[in-house]
Amino acid sequence: MKQTDWPFFEPHHRDLEERLAAWASEQLHADHGNDVDQTCKHLVHQLGQAGWLHHAVAQQGRGIDTRAICLIRETLAFHNGLADFAFAMQGLGSGAISLDGTPEQQQRYLPRVAAGEAIAAFALSEPQAGSDVAAMQCSARLDGEHYVLDGEKTWISNGGIADFYVLFARTGEAPGARGITAFIVDADTPGLQVAERIEVIAPHPLARLRFDNCRVPIGQRLGEPGQGFKLAMRTLDVFRCSVAAAALGFGRRALHEGLQRAQSRAMFGGLLADFQLTQAKLAQMALTLDSAALLTYRAAWQRDQGRPVTKEAAMAKLAATEGAQQVIDAALQLHGGLGVVSGQMVERLYREIRSLRIYEGASEVQQLIIGRELLKGN
């Protein structure tokens with residue numbers, strides 16, 4: 001049975017997955033070269049031109065189909081990690097506009113995001129406020145018809161190449177998380193500076209941003225003052241399921257590579273696949289991935305039904321990212337010394353998966369969320 005035959009899906013999801021898989025097989029290659037910025041820009045344009053980015057944003061009264069986003073991320077991650085990143089950041093970076101933007105804001109930004117003509121970014125984390133969003137220090141004070149932004153953001157994906165940032169800053173209506181507001185800040189706004197580009201083990205555009213007397217018109221505020229934390233969490237709830245799906249894509253590619261290796265590697269007069277230890281390892285890899293997939297698409301389906309999904313999304317992300325790490329490690333082990341050679345597919349996957357256990361809420365944070373929700377009786 002194909003995954004899209006599961007009862008979580010509708011016929012249009014099956015059609016979407018089949019069309020995207022065919023397109024990705026033809027258009028995407030694992031090696032993205034040395035110029036990651038230019039490759040990422042090209043991929044955004046390519047995904048927009050092909051129509052895939054329309055699924056990442058809500059337009060013309062159409063909501064976000066979480067299952068579609070998850071299927072797209074799983075498929076793209078199987079073929080090319082940076083393509084998955086490019087798609088995901090268009091969705092996450094514009095997600096708050098989809099959820100709570102005014103009609104004018106949505107019309108100004110979302111069509112360009114969907115067409116691949118504008119690159120989006122989500123600016124939440126700070127040097128001392130990652131998982132603990134309530135510790136945010138970046139501030140926004142009202143001055144006439146503008147807000148004045150001061151402070152820093154870091155670990156910002158698409159930092160340095162984005163055309164606009166959805167930024168969260170402290171406006172002080174209440175202490176902690178209740179005094180945060182969201183804004184749309186165009187990249188060419190005076191006072192916004194890319195302070196540092198950050199290099200990571202799986203290369204993608206990443207930066208630290210600095211805001212120094214950065215004036216943003218009131219019309220660029222997203223939602224009501226003091227409601228930014230709730231908006232950020234709603235946005236992350238949508239895309240947390242899709243992080244799990246991306247992990248599934250990486251894990252399924254690792255299983256594919258592991259199977260090929262086991263069935264082709266000659267060893268002790270037979271094949272690597274002939275050994276029961278190998279068969280047991282492959283079985284555990286498949287079990288881990290399908291278990292995580294059921295959690296992932298349960299959460300995506302539940303959100304598409306309009307039901308609360310905080311606990312289920314956290315379970316999906318935790319199971320899929322931790323499980324995919326184990327599966328990829330097992331695939332690398334099956335490759336022996338070849339697995340650690342730079343540029344090999346399993347070596348790339350090994351680097352790609354690691355950050356998924358951290359971003360959009362580290363695994364430990366997902367455990368806290370699940371425990372908290374259980375204690376609330378949900």
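Predicted model: local features only at pLDDT ≥ 70, side-chain atom pairs only at ≥ 80, totals over all residues.
Two packed helices are described by the angle between their axes and the distance between the axes. Helix H4 spans residues 81-100, and helix H5 spans residues 103-114. These two helices pack at an angle of about 160°. Their axes lie 10 Å apart. Angles over 145 degrees count as roughly antiparallel, so H4 is roughly antiparallel to H5. The crossing of the two helices is left-handed. On the H4 side, the contact is made by Gln90, Ser94, Ile97 and Ser98. H5 contributes Gln105, Gln106, Tyr109, Leu110 and Val113. Four residues of this contact are nonpolar and five are polar. No charged residue takes part in the contact of H4 with H5.

H4 also contributes to the largest pocket. The volume of this pocket is about 1,300 Å³. Its lining comprises 50 residues. Nearest the pocket centre lie Ser125, Ile358, Tyr359, Glu360 and Gly361. Five elements are listed as giving two or more residues to the lining: H4, strand E3 (146-157), helix H6 (228-264), helix H9 (345-354) and helix H10 (363-376). The largest share comes from H4, with seven residues. By residue class, the lining of the largest pocket divides into 29 nonpolar, eleven polar and ten charged residues.

Methods
Residues numbered from 1 in each chain as written. Heavy atoms only, no water. Axes fitted to C-alpha atoms, helices over the stretch in contact; angles between N-to-C directions. Helix = DSSP H or I, 4+ residues; strand = E, 2+ residues; numbered from the N terminus. Parallel < 35°, antiparallel > 145°, perpendicular 65-115°, else oblique. Left-handed = near helix turned anticlockwise from the far one by under 90°. Contact = heavy atoms within 4.5 Å. Nonpolar A, V, L, I, M, F, W, Y, C, P; charged D, E, K, R; others polar. 1 Å grid on protein atoms, 1.4 Å probe; cavity = no way out; pocket = protein on both sides within 12 Å on 5 of 7 lines; lining within 4 Å. Points joined across faces, edges and corners; volume = space filled by probe spheres on them.
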